[in-house]
Amino acid sequence: MFSGYSNFSGGVDTAFAIIVGISLFFLIGITAVIITFIIKYNKKNNPVASEIEGSNKLEIIWTVIPLILVLFMFWLGWSSYIPMRKVPADAMKIKVTAQMWSWRFEYPNGKVEDTLYVPVNKAVVLNMVSLDVIHSLYIPAFRIKEDVVPGKAENYMWFKSLVPGSYDLFCAEYCGLRHSYMGTIVEVVDQGSFDKWYASAPVKVDSSVAAKPGFEGKLLSEQKGCIACHSADGTKIVGPSYKGIFGHKVTVETNGKEREIVVDEEYIKRSILEPEADIVKGFPKGAMISYKGQLTDEEIDKIIEYIKTLSEEKK
Amino acid sequence: MTGNSSTHRLPSYLEYQGKYTGIRAWILSTDHKRIALLYLYSQIFFFLAGLVMGLFMKLELIAPGQQIMGPQAYNALFTVHGLTMIFLFIIPGLAASFGNFMIPIMIGAKDVAFPKLNLFSWYLFIAGAVIILVGIFSGDGPPDTGWTFYAPYSLKTNTNVVLSVFGAFVLGFSSILTGLNFIVTIHRMRAPGMGFFRMPLFIWSLYGTAWIQLLATPVVGITFLMVVADRMLDIGFFDPAKGGDPVLYQHLFWIYSHPAVYIMILPAMGAITEIIVTFSRRTVFGYKAIAMSSLAIAFVGYLVWGHHMFTSGMSETARLVFSFLTFLVAIPSAIKVFNWTATMYKGSISLEPPFWWAMAFIFIFMIGGLTGLILGSVSTDVHVHDTMFVVAHFHYIVFGGAGIAFFAALHYWYPKMFGKMYNKKIANWGLIGLFVGFNTTYLPMFFLGFMGMPRRYYDYLPQFADLNLLSTVGSWIMASSLILVIVNLLRAKKGTPEEMDDPWGGRTLEWTIESPPSLENFEEIPVIDREPYELKSK
């Protein structure tokens, strides 16, 4: 009945349309009957009421017919849902990591992106983990959604996209301050473009730019979701902005006591691995998770290098 | 009794002088009618507070980007809006106010079984409300978890979750004790001759409700305590980092909170039944079917909570079973709608304001119920789960259903409770405005949800802008109509006993006594010798 943008759209939209159709029939039908009764049997037109106590025949009819209809709807919903749980063996596996408030997609060859690139007409399975609270991966155009639950690595979803294009991807489970900004794009491209993108080096820029200090740190900040809370332009999102912070004095709270420190390599590293140790005054506690095990020392150094460049520009 | 009542009227419960005066005559009164009014006034107060919060939310959503507040304020606002509307207005709902007032009168008793416990329940209600209020204005700011308190976010956020959760825990006890009180009252206090199948259908609906209150509420009470323990003692029931399970929280929460929807809607259905029977001026169609459907809803309603969790990663078997049972619970609701319609057949319908309110209820409730079918079916739910579609469905049931029934009941029993009559024309105009405003506010949300706009979004993409604007405009129409309705009720005028004792020609017991009733309702406990909706013998 419908085709849509993924292999599930047709089934879901057909079930939707049939249920809405039956519902509209009853809504309009019952409303019409009620209006008729109000006109026909109001006090003016029918001064004397008839005392009718009921009818077992009618009770059975309006129990059994809706029962059959709802069982049919149940079957519609279930039969169009079953395929969503049956992942084809040849599906491309993408690991999804959700955290406040960013998405990260890791491909079999180690490529990491914050946009979901998929080839058209190819089955893709998303194996999803959350690092902090519950999120929910939702691609409305594909009619699919599944929660990403911390401590529950087995949640998954799969799809085959049908039409190349860009589609919205949202977080559907409330996850705090920037929940409504936890969205990204699904890029559906033809197999050729996908293969070219997939084979390309993680950094697809010429060496003169790549060699610029801080470039890799910038990429890491995007991939690991740092920029969801730490801006590069001085804007306060959730945590302190990267801009102009290095080498500056800040007041932090350590074990409930305030003290002044200078932001240096050691402090930034500690903030990444033990975010609760020193909270900069005016920022919330418990907003950041530890990146222990998620970033190597080398990667941390690159991020520090990037933060340094943002402070130098200012000077 | 109606004709000669003016000759020797006892002082009404509003005039009665006990040993206390002033405000103490109210807050120390164990009269079920005064307690009912204490609930009624507090509930309407909380409803108006929740309404104002809702208006601010809609104003923020009038266009993409920041309008009048930041994201943290918005998140706190939708949480407190939910807490207020759900725990302080609609869970006590029609049961605490109209149930308290009407149960003893409709079954021919002088009061509920445990009048002091009844007053204590109201104190618990107020204590819970005060704790939640303190939680909002103290500590590290109002909670920002949503009224569902989902773990582990509710364990991680720095906002004042503990007090809100504890307040809800205390409110739970108010609800449990009220349920207990009603069950015992209905079992033990019925007038001679009033068998179970001679009870008015409002009482049947409250009876089903009371069992849910008694049996389901403790589950959420324990769950809320577990959240408090997790936050204060660091136990980790629901924290995966400590070996806990966040999905367990959802199960425990919805085991109560789904039946809680029936706590809200069942008494509403009961009141609507009374109204339709009275204004159709004939006996009810299918008495037993309606009575039994109330119990069926209360029972099956326990077993459907998993439909809130179709995307949580539950096993396929669980999704199958919960979807199936959810569809079954649609049947008793459908039976009620059919019997209401049939009750109008060959009636002699008197087109008074409460009747129109009941009609608005049926129409809006049907939309709420029918869109529930989409949420019960697994594949369609996966698409619209956690979107504006759910927000729309929920408001159609809880506000358009239970909320409108609350006002329908208020218009129906107002002359009985206060001995006053409001301006009927204004009541109808208020309803028309509310009906238009309500649908303008919430109907667009179904489309927004289908288009993919998730719920609890502070900001949204441009494609959602037009419908959100329409919805905000609707909220203004709705709010102004509600103010009109309430002012109209407040300006009601005293009528003579002849006009007020039985203004609608009702057939249940409350219309055989004075308006407002005397302290003990009946001078003499009546003996019931007729069927529930049989015409009163003159």
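**Figure 1. The five-stranded open sheet of chain A.** In this predicted model, five strands of chain A line up as S3-S2-S1-S5-S8 in an open sheet with mixed pairing. Strands are DSSP runs of E with at least two residues, helices are DSSP runs of H or I with at least four, and both are numbered from the N terminus. Two strands pair if DSSP finds at least two bridges between them. Strand S3 (112–113) and strand S8 (156–160) of chain A each have a single partner strand, so one side of each has no neighbour in the sheet. Strand S2 (residues 102–106) of chain A runs antiparallel to S3(A), and two bridges join them. A:Phe105 has A:Glu113 in S3(A) as its bridge partner.

Residues are numbered from 1 along each chain as its sequence is written, and chains are lettered from A and ligands numbered from 1 in the order in which they are written. Because the model is predicted, local features need pLDDT of at least 70 and side-chain atom pairs count only at pLDDT 80 or more, while totals for chains, interfaces and linings use all residues.

**Figure 2. The three-stranded open sheet of chain A.** The order here is S12-S11-S13 (chain A), and the pairing is antiparallel. Strand S12 (257–262) and strand S13 (278–280) of chain A are the edge strands, each pairing on one side only. On average, neighbouring strands of this sheet are turned by 45° against each other, direction ignored; the axes are lines fitted to C-alpha atoms, and angles run from 0 to 180 degrees between N-to-C directions. Three bridges connect strand S11 (residues 249–254) of chain A with S13(A) in the antiparallel sense. A:Asp278 in S13(A) stands opposite A:Thr254.

**Figure 3. Domains 2 and 3 of chain A.** Chain A is divided into domain 1 (9–85), domain 2 (92–199) and domain 3 (207–312), with bounds from an automatic or database domain assignment. Between domain 2 of chain A and domain 3 of chain A, the C-alpha centres are 26 Å apart. Six residues of domain 3 of chain A are in contact with 10 residues of domain 2 of chain A; contact means that the C-beta atoms, placed from the backbone, lie within 7 Å. The side of domain 2 of chain A that touches domain 3 of chain A has four nonpolar, two polar and four charged residues. Ala, Val, Leu, Ile, Met, Phe, Trp, Tyr, Cys and Pro count as nonpolar, Asp, Glu, Lys and Arg as charged, and the others, Gly among them, as polar.

**Figure 4. The contact between chains A and B.** Chain A brings 74 residues to the contact and chain B brings 71 residues. Helices of chain B that each supply at least two residues include helix H3 (71–90), helix H9 (246–280) and helix H12 (353–376). H11(B) gives the largest share of the side of chain B that touches chain A, 14 residues. By class, this side of chain B holds 40 nonpolar, 23 polar and eight charged residues.

**Figure 5. The surroundings of B:Ala409.** B:Ala409 is part of helix H14 (residues 388–418) of chain B. B:Ala409 counts as buried because it has 29 C-beta neighbours inside 10 Å; a residue is buried at 20 or more other C-beta atoms within 10 Å of its own, exposed at 12 or fewer, and partly exposed in between, with C-beta atoms placed from the backbone. Not counting residues up to four places away in sequence, B:Ala409 touches B:Leu94, B:Phe98 and B:Ala271. B:Glu274 is 135 residues from B:Ala409 in sequence and 9.1 Å away in space, C-alpha to C-alpha.

Terms used. Two residues are in contact if their C-beta atoms, placed from the backbone, lie within 7 Å.
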